[in-house]
Every structure is written in structure tokens, then in C-alpha cells.
Amino acid sequence: MRVRRTTDEYKPLSVDDAVRDVESTQDGLTSSEALRRAGTDGYNEIEDREVSAFRRILSYFYGPMPVAMEAAAVVSAVIRHWDDFALILALLVINVAVAFWQERSAGNAVKELMRKLALKARVLRDKAWVVLDARDLVPGDVVRLRMGDIVPADAKLTSGDYLSVDQSALTGESLPAEKRLGDVVYSGSIVRQGEMNGLVVNTGGNTYFGKTAHLVASASSVTGLSRIISKIVYFLVGLAIALGAVSFYYGIVLGLPILDDLLFFLILLVASIPIALPVVLTVTMALGALSLADRKAIVSRLVAIEELASMDVLCSDKTGTLTQNKLTAGDVVAADQFVAADVLLCASLASRRDNMDAIDQAVYERLEEGADADYRQTGFTPFDPVRKRTEAVVEHDGSTFKVMKGEPSVVLSLCGEMGKRDEEIGGLAAKGYRVIAVARDAGDGWKLAGLIPLFDPLREDSKETIAAAAKMGIAVKMVTGDNDAIAMEIGAELGLGSKVLPSTELEAAIKSENWEALEQADIFARVYPEHKYSIVKGLETRGHTVGMTGDGVNDAPALKEAQVGIAVEGATDAARSAADIVLTAPGLSTVISAVQEGRRIFQRMQSYALYRVVETLRILIFVTATIILLHFYPISAFLLIVLALLNDLPIIAVSTDNVVYSEEPEKWNMKYIGGLSAILGSLGAGETLLLIYVGLDIFHLGIPAILTLVFLKLIVSGHLTMFVTRTEKAFWKVVPSKALLVALLSTMVIGYLMAAFGLGIAPVGNALAGFVTAYSFAWFIAEDGLRLAYDRVVGHSALSQSDQPPRRA
């Protein structure tokens, strides 16, 4: 059995010694050996110490609201109100069960999303390169590391030239570290440049990262959603305590026993405060995230759904997002003494099929099948940024010649034709083509064979997708490294605006903080990856919620800065790790589909939040007003508990509701929510006070029957309020989900049966129960009309600046 070393202890070892130490070979492991080692060494993952289900359930019995319920239970036991005691305990247990179930659902949803986002690794198994989940790596595996990868495990570099590795997150070094043969690289670091193979020496908790992970505390940022929830809950808690204190005081004035008065005060708090609001919103987002995954958009940060719904600017890469990311050869321009087939043949001979280079593939696709069969490469010099060309030595029928393809200026210079083809090349470039030049040397010097224009075809759906985004209030801005002419040509084809901001003007705008110039631009041309960060920051400074697409390691800072960072299909590990949303299908249409779903999820969250605020105000205003004006408690502590219980049951179905997404970016509008809640809450309280008057002065009912009527009114009207708040349209135009409809109607039926037949309360019969139900439905119609009128006058989308979600740092 081998002695386990720390990763740093592998630094002084030679490559061969390291291979022997982990009992492996330069060809890696067999699948059977890897499986055996996984059984002994464990998976390549940091152990997540989950809290046991029992401890999680126990934690739900702590906190302000559970303690208030427990205090109420104690008081009810002391004064021997055993029916109240039993119901309070039942309410407490149901709240705990609902919270546990919903948190578990959210947790399972997040785990499923994380599974889909799991890092992959290229591994040499059974002497063949395969792609596996990084968690399946074991010591002794050989992995390939290249630009954009996140290093999947601690490894000793065994072959290749060099790597430039960003390990700042692990070591604090601000500059990338140069790694060469024999060096070690740490799990979690990012490969910025180069490509090498590495021998896995440690995995999981034994890596450098794993051993220090327990020292690292993740700083949690306050999100826009958490701020909104806090605002709502703190406001309602303050209001409940204030109005509850008034009720408590009047209870003493009315001569109610102080313990009975205290019990009512505690239960009023429990019944009115939306304990489940944070849980419901989290579960709605988690289940919505699963729905987004079905639409090929995987969410790595749940609150990004809220920001996705609010997005009003989308900065989109051209290549691979708006285009097919597949270079295609256009009409070949042949030079003197050559024809198009000659140019393509020379270009193919200056390429390598196994390189899988995009330009090479475009040439091979245009080459007639078998045209290069009788030619043999005897030498090949690959492209590099300095030489800007590829060269090859070729044998054919006993003769030897050379071929070359590359940057036109370089090739033309070597052919002695510098400046002679500028008009042709410029004309092609103006039409959006990228041009390569091809030459041949048969021993008498380089001769230009011709020019091959290359282009990346637009996706068939790009233009209509951009038009659809515009209808949804999203301004799409194209970000490209192309020159101004090409960018404008492509922008015109896509239906974008004509305002192009080249890198020189962009840099000047950034330096002077002229963010308005960024806001007015439709296209950013000649852009380098480092510009993207400043583009995002500038647009966010102007108050926009910005989405940014990217795929490369250099895009990671911009993706992290953007409120909605989107890693496109095929993105590097570094880009995926920095992004909020990872696309698993190509094109911009996936983003638009995700925005639509995000807005549906937002609608569900906002409608439930509005419903809970309205209901809290309705109960608090009504109870306080009745005690002050009529000098009696309009509902018993027992019925308040039942009311809270029946109000909690339907919330499970909120996340499944059918909604229509908004055609404008969504924002939390607290002025709208506060204003409409105050109107509907006050109206609801007035309706119930009027019902008491009808019961006392017209039907001449006693107080027990009045309490029953009030209870039924609060149940029916409360649940009908959900139909008022769940859509911006008239309530009948958007059919609720079957689950929500059944849940709401079921609890209303329960309330009706209790009132009509006296199940635990004074019976009032079918006639009076039917009257209250009809009375509630009549007011429901009026409330829906009032909400529609309020929307027309105030405007649902009027958003104050203070309600903007904060820019994420």
C-alpha cells in the first residue's frame, strides 16, 4: 500500500518518480483499476457535511415566529384552553413540515442543477482519451489541461511545453504562475494559456484546496430579493406588533383576563405575519430553475432568476451566439496561372486534418474529395501569432514543393505583392469576410495562388430572436472583435441599430466615464475581452440590469460582474464557473426563452408576496378597528389559528401556478405593492366590518354566530384575493394551475362546512354560509375591477430607483 504524500511533497520528485509513487504509467490507468481506486480513495470531491434531517427539523422550532407560537401554546395550556393548545401545536407542526418539505424540494432542485454543471475532465483511460466527470478522477489518472480549463485535481505536469495558471483564489498571487514540465498545479486554479498533460497525485479532500477549504468562509452578499423580503417582513412585523399592542391594550380596558388577552395577541401575530414568505419564494425559484434547465439554461445562482426577469440590456458575443461559429469558405479568388481548385488544394496541403482547426476544416469542406490523396506532407510548421501563417513541405510524384496559408499581409509580402491586392481584400472585408492568402513555392520562390474569403454564417433564428427581444424591452448590443465595416454589415443583417462604437472610442468613453456613449451604442467593434468588463460596469452605472454572454477564460471577469452572466454552449470551465446561467444549446434564442421563463417565475413570486401583504393588512386593520369601534374581539383565538392553518395549506401550490410573462422587464415595485396592498387590505377590512353590521342589525345574530360569519368571510375572501393578485389581467383571462385551484377551493369548502354545520364553532346553517360566500364573491369581483383601475392609473411598471436590485460586486 502506497504512502500518501501531500501535493507539495511531489514538487521535488521527477516525473518518473511521481508516476512510480502513484503506481501508474504515462498511459494512465485502466477503467477497472480506476474503479478500484475510487473505492479506496473516494471520489474527487470535497465532502459536504450535511445537517441531519432530525437537526434540520429541530431548527424550525427556533426563531421569532415559532417561539411566539410556542409561547401561545404555553399560555393556552396554563389557562386550560385545550382546543387552542391542540390547534397551535398542529399549526406549529404543519408549518415545520411545510418548511422542511419545501426546503428539501429546493435543495434537491439545486443539487440537480449542480449535477448538470459538474466539471468535466479529459482523462487517459485504457490508453484512450475520454471525457468524464471530474469527481471520477483518482490518483494515477493522466489528464489533459488546456486554456480555459479549471484544474480538476492536484497534478504533476508530465508532458507539454508550459501552462500559465491563475491560482489567485488559492494562493493570493495576483499574477498568473508559469508552470512547466515537472511542476505541480492545484485543483481549482484556472489555465490561462498553454496545454499540457498532468498526472493526478491527489483528489478531493487531499488536494491543496481540500485541505484548506475548512479555513475559507464564503462571503454572502445581500441580493435584491433578500432586501425585498426583509423590507416586507420587517414592515409587517412592525405593523403587527403595533396594531396587536393596540388590541392588547383595549382587551385590558374591556376587562379581558390578561392571559386570555396575551394569548390573543400572540396568536394574532402568528396569524398575520407571513412566516412562509422566504421559503415559498426560494422554492418557487428552485423549481423554476429546474424548468429553465429543461429549456437548456442551467442556473448556478438562484437569485439570478430575479435578475434575468429584470434584464433590459443584453450584450451578446457575435461568434457562436449570433453566428453558427462555423467558418465557411466563400468564392475563391484565384491569382494568375491558378484556378480555384489549385488554391483549395494548396490551402489543404498547408493544413492538418487532425488539428481540428476551424480554418482548416473550412478548407477541407470545400476541397473535392480525394483531391489531396496523392500528396504527402514531409514537414509542417503550425500557425503562431508571430509568423501568422502555416507552412508545409509536400511530396508529389517524386518532386518536392512548399505551400503556405495565412494572414494576407504576411503572405503577400513574402510573394512580393505587398499592396497589390488591397482593393480586393478591402472589398471582401467590407462585406464581412475574413480573408486568408495561399501561396506555393516550387523552387522558384513564393507565388501567390489566391485568396480564400471566410465567413461565419448567421444563425437562422438570430434576426427574429433580436426582434423578439426588442418586443420584450431588451436592447441587444453586439460585442465583436471585427472591424467597424464588418460589424456594421453584420449588424444590418441582424436588424440591429447602426451606431458602432469602436475600441478607440470605447476606451475614451471608459476613461472619461462617459457611460451614456455605451448606452447609445448598438454595436461594440474591435473589442478585446478586457473591454467587456467595462462595458457591463458602465451600463449598470446607468441603471440597467445587464446580461453578458461569453465563452472564454478572458470573459470570466465580465460574466462575474454582469447581473446576468451567461456562459454560452461550449464555454470554458472558467467561463461556466463565473456565469450565473450556463446554456446547453447554441444561439441567442435559448436566452430569450430563459428570460420568458424567468419572468413567469417572477410573476409567481410577486403575486404571492402581494397576496400575503394584503392578507396581513386585512386581518390587522379589521381586528384593530373592530376592537376600537365595537369593543369586542371579532374572531376567537381558536378561529385565528384555524385561519392561519387554512391559509398555509395552499401555498405549496403557488410555485406551479400558470402565469403570463410580462412584455417588459420585471422589477420589484414596492410603491405599487404597498399602495395596492393598502387599498385592498383596507377595503377587505371595511367589507368585514360591514358584514358584522349586517349580522347584528339586519339578521340580529348573537356574537358566536357573528364570529362564525367573520371566520368564513376571512377564509373565502382571503383565498379569492389570490385570484386578484396572481395576474395583471382580469382574473378570468388567466386560468390558474389545477394544483392551485384545487388547493384554494378545498380550503374554502372546509371553511364553509365548518361554518354551516358548526364543526368546532357556532353553526349558522347553509343559508347564512351561502350568503357570506356570495357576499365575498361579490366583493371579489369589485376588488378585481379596483386592481385593474389602479393599474391603469398608477401603472404596474412604474419603478422607483430605490427598488432597483443592487449591482452585484
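These legends accompany several close-up views of a predicted model.

**Figure 1. The chain as a whole.** Let's start with an overview before zooming in. The chain has 809 residues, and 53% of them are buried. Its secondary structure consists of 29 helices and 22 strands. Of the contacts between residues at least 6 apart in sequence, 71% link residues at least 24 apart.

**Figure 2. Helix α26 against helix α27.** Here, α26 (residues 670-698) packs with α27 (residues 703-725), their axes coming within 10 Å and crossing at roughly 150°. The two helices are therefore roughly antiparallel. Their crossing is right-handed. On the α26 side, look for L680, G684, E687, T688, L691, I692, G695 and L696; on the α27 side, the partners are I703, I706, L709, V710, K713, L714, S717 and V724. Sorted by class, the residues in this contact are ten nonpolar, four polar and two charged.

**Figure 3. Helix α27 against helix α28.** In this view α27 packs with α28 (residues 738-757), with 9 Å between the axes and an angle of about 170°. That angle makes α27 and α28 roughly antiparallel, because angles over 145 degrees count as such. From α27, the contact takes in T708, F711, L712, I715, V716, H719, L720, M722 and F723, while α28 supplies L740, L741, L744, T747, M748, G751, Y752, M754 and A755. The contact of α27 with α28 counts 14 nonpolar and four polar residues, with no charged ones.

**Figure 4. Helix α26 against helix α29.** We return to α26, now shown with α29 (residues 765-794); their axes lie 11 Å apart at an angle of about 155°. This pair, too, is roughly antiparallel, and the crossing of α26 and α29 is right-handed. The α26 residues in the contact are K671, Y672, G675, L676, I679, L680, L683, G684, E687, L690, L691 and V694. Facing them in α29 are F771, V772, Y775, W779, E783, L786, R787, Y790 and D791. By class, the contact of α26 with α29 comprises 14 nonpolar, two polar and five charged residues.

Figure 5. K532 sits in helix α21 (residues 529-541). Is K532 buried or exposed? With a relative accessible area of 6%, K532 is buried, since the cut-off is under 20%. Leaving aside residues up to four places away in sequence, K532 touches D317, V479, V527, M548, T549, D555 and A558.

**Figure 6. Positive phi at D397.** D397 is not a glycine, yet has a positive phi of about 50°. You can find D397 in the loop between β13 (389-396) and β14 (399-406). D397 counts as exposed, with 70% relative accessibility.

**Figure 7. Positive phi at H631.** Our last stop is the loop between α24 (589-630) and α25 (637-648), where H631 lies. H631 has a positive phi of about 65°, although this residue is not a glycine. How accessible is H631? H631 counts as partly exposed, at 46% relative accessibility.

Technical notes
Residues are numbered from 1 along each chain as its sequence is written. This is a predicted model: local features need pLDDT of at least 70, side-chain atom pairs count only at pLDDT 80 or more; totals for chains, interfaces and linings use all residues. Side-chain values use heavy atoms; hydrogens and water are left out. Axes are lines fitted to C-alpha atoms, for helices over the stretch in contact, and angles run from 0 to 180 degrees between N-to-C directions. Helices (H or I, at least four residues) and strands (E, at least two) are DSSP runs, numbered from the N terminus. Angles under 35 degrees count as roughly parallel, over 145 as roughly antiparallel, 65 to 115 as roughly perpendicular and the rest as oblique. A crossing is left-handed if the near helix is turned anticlockwise from the far one by less than a right angle, and right-handed if clockwise. Contact means heavy atoms within 4.5 Å. Ala, Val, Leu, Ile, Met, Phe, Trp, Tyr, Cys and Pro count as nonpolar, Asp, Glu, Lys and Arg as charged, and the others, Gly among them, as polar. Buried means under 20% relative accessible area, exposed over 50%, partly exposed in between (1.4 Å probe, protein chains only).
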